[in-house]
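Thank you for making the time this morning.

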Amino acid sequence: MLKSSIDKATGFEKRFENIGTVVYQDSTTASKAVAKEIADLINVKQAQKQPCILGLATGSSPKGLYAELVRLHKEEGLSFKNVISFNLDEYYPMEPDSINSYVRFMKEQLFNHIDILPENYHVPDGLLSKEAIADYCNAYEAKIEALGGIDLQILGIGGNGHIGFNEAGSLQNSKTRLVALDHITRVAASGDFSGLGNTPRTAITLGVKKIMEARRVILMAWGEGKSNIIKASAEGEVSSHIPASYLQEHNNASFVLDLAAASKLTRINSPWLVEKIEWSDKLIRKAVLNLALNLKKPILMLTDDDYIENGMSDLLADSGPAYDINIKIFNKLQNTITGWPGGKPNADDIKRPERAEPLKKRVIIFSPHPDDDIISMGGTFKRLHEQGHEVHIGYQTSGNIAVADDEALRFASFVCDYNQKFGIESIEANAIYKKAADFLKKKKSSEIDSPEVRCIKGIIRKGEARATCHFIGIPDEQIHFMELPFYETGAIKKNPIGIADVKITAELIERIKPHQIFAAGDLADPHGTHKVCLDAIFEAVKTLKPKKFMTDCWVWLYRGAWQEWGIDEIEMAVPMGPDQVLEKRKGIFKHQSQKDGVVFQGTDSREFWQRAEDRNKETAELYDQLGMAHYAAMEAFVRWHY
């Protein structure tokens with residue numbers, strides 16, 4: 001059984017959480033640990049000639065778990081013939097063969113690859129009449145009870161703290177039932193359904209009561225996107241507003257987390273409040289900056305009393321007085337600010353984030369989607385070009401699933417009209433338009449686009465990306481459309497990173513031999529496109545590391561439109577004036593298909609240019625609040641050392 005200590009990753013003690021937590025460096029390692037516990041339980045039950053009753057979950061969190069269970073079956077002979085499983089939930093209404101059904105998910109991820117008997121796995125029926133649901137739910141629970149209850153229940157967690165589809169307000173004694181889905185839950189799922197309007201409003205879910213009756217419960221969460229709700233669930237009060245908090249009262253429940261999901265837990269985010277620590281430069285910077293922000297004081301105004309009253313007397317004793325610590329941190333933060341992201345020529349670069357030499361650098365900006373470059377680092381992008389560096393853009397994916405259907409038809413129609421106007425033979429173009437139009441008229445909300453429609457949408461995104469580069473001043477020969485294969489499934493769910501993805505990435509890097517690489521460092525979703533694209537870059541860089549040109553190559557990570565690096569993490573901050581903010585906005589406007597109600601809006605109703613401006617403004621305000629110079633906006637970067 002997994003232990004509730006944290007020594008797997010950090011060595012910090014458990015003290016603030018009200019539930020056992022196990023933190024691993026990454027989701028892969030964590031998933032393997034959970035799979036081992038399940039395998040051990042199955043084997044014990046087999047030896048006892050008893051069935052093993054598993055409660056299973058869907059979503060991105062258990063994918064790695066199921067992959068490892070499949071491996072254990074195929075490579076190490078783990079048999080599932082004595083396993084009986086009950087899934088937590090299913091959308092309603094939902095056809096079992098729909099691309100978004102949990103029946104299909106479970107078959108593709110697990111059941112089709114192991115020797116579990118078909119009659120032994122159960123997923124709620126999404127095709128029942130409403131009148132039949134209550135009796136069905138009672139029978140679902142009765143089956144579990146007849147088998148003696150669930151031995152081990154796997155859970156994920158929603159952004160609002162739901163477990164299963166037990167939304168906020170669900171009571172501890174709630175039973176299996178049809179529920180209305182929270183708006184936050186629907187928005188989070190809307191990407192899978194090509195928009196909120198197509199996302200189911202209801203679902204069938206196992207009740208909290210049955211979850212709490214399981215003899216063992218493991219809740220898994222990965223990525224920074226889950227960090228806030230994990231903190232609230234593990235450290236906050238037990239409340240119906242956060243159903244996952246009920247697990248604090250279970251006598252054998254654990255949260256299994258990767259380091260990113262655990263990052264807001266007090267013992268990880270502020271370990272000096274938990275135990276005596278050895279103060280590293282990194283921890284000192286984090287503690288002092290957090291203290292200044294929490295007290296709303298500039299760094300240089302912090303006093304000895306501020307340190308003592310906020311659990312930092314050890315630091316004061318080791319490195320004080322406060323004045324000395326303040327000066328040190330102030331200078332370090334000030335040295336992150338530079339208007340020369342490619343290095344300042346003929347300048348002392350000892351304290352600058354980037355090297356002065358060579359004067360003209362070759363730069364690759366990797367953009368996971370066709371607009372991430374301009375949204376996330378548009379000001380830096382433009383400045384690098386204006387300061388004479390040779391800037392290349394590597395658009396890693398086509399972004400073709402993020403274009404609305406009517407946009408695709410509009411562009412296809414334009415081609416037909418263009419050909420007709422200029423007397424160009426357009427039989428093929430007309431046929432493609434008709435085929436695309438016929439497909440889209442019959443297209444189901446969860447259906448994958450036809451090859452023609454996907455191609456049209458990809459061309460739209462490519463044209464917008466090229467327009468942005470031309471706006472900045474980048475010539476065509478420095479624009480590279482990589483179209484990494486992992487992305488080209490036509491569906492929301494992408495393939496894992498493959499050899500071909502790494503090879504394409506490595507070939508581009510080797511051809512350009514850059515002095516700088518900029519890459520999207522979003523870690524909110526460990527299975528998201530940004531993370532997969534980043535992994536491809538990391539693998540390519542590691543492969544190329546022995547090459548001589550790589551000794552002069554620095555890798556900088558930027559963030560996407562949803563969040564920014566923590567102020568204590570930032571190693572290079574590039575300021576922008578009001579005019580530069582407007583120029584960046586104009587560059588973002590080149591991506592017309594991503595304006596006015598984009599396909600993947602997420603929970604934020606602001607358009608991408610608004611998110612980017614607000615985020616860059618907030619970063620500048622943090623620097624201002626801490627006592628630095630005041631700028632209109634700032635883009636932030638962290639260096640990756642390979």
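Before I name any element, let me say that helices (H or I, at least four residues) and strands (E, at least two) are DSSP runs, numbered from the N terminus. What you see is a predicted model, in which local features need pLDDT of at least 70 and side-chain atom pairs count only at pLDDT 80 or more, while totals for chains, interfaces and linings use all residues. Residues are numbered from 1 along each chain as its sequence is written, and side-chain values use heavy atoms, with hydrogens and water left out.

Let me begin with the cis peptide bonds. One of them joins Tyr92 and Pro93, with omega at about -10°, and Pro93 lies in the loop between strand E4 (89-92) and helix H3 (102-109). Another runs from Gly320 to Pro321, where omega is near 10°, and Pro321 sits in the loop between helix H11 (313-319) and helix H12 (322-334).

Next come the positive phi values. Lys49, a residue other than glycine, has phi near 55°, and its place is in the loop between helix H1 (27-47) and strand E2 (52-56). Lys49 counts as exposed because its relative accessibility is 76%. Lys513, which is not a glycine either, has a positive phi of about 50°; at 37% relative accessibility, Lys513 counts as partly exposed.

How many of the five residues of strand E14 (residues 516-520) are buried? Five of the five are, and the strand is accordingly described as mostly covered. Gln516, Phe518 and Ala520 point one way from E14, whereas Ile517 and Ala519 point the other way, and all of these are buried.

As for the neighbours of this strand, two strands pair if DSSP finds at least two bridges between them. Strand E11 (residues 362-367) runs parallel to E14 and is joined to it by three bridges, with Ile517 in E14 as the bridge partner of Ile364. E14 also pairs with strand E15 (residues 554-558), again in the parallel sense, over five bridges, and here Phe518 stands opposite Trp556 in E15.

Note on methods
Buried < 20%, exposed > 50% of the residue type's maximum accessible area, 1.4 Å probe, protein only.
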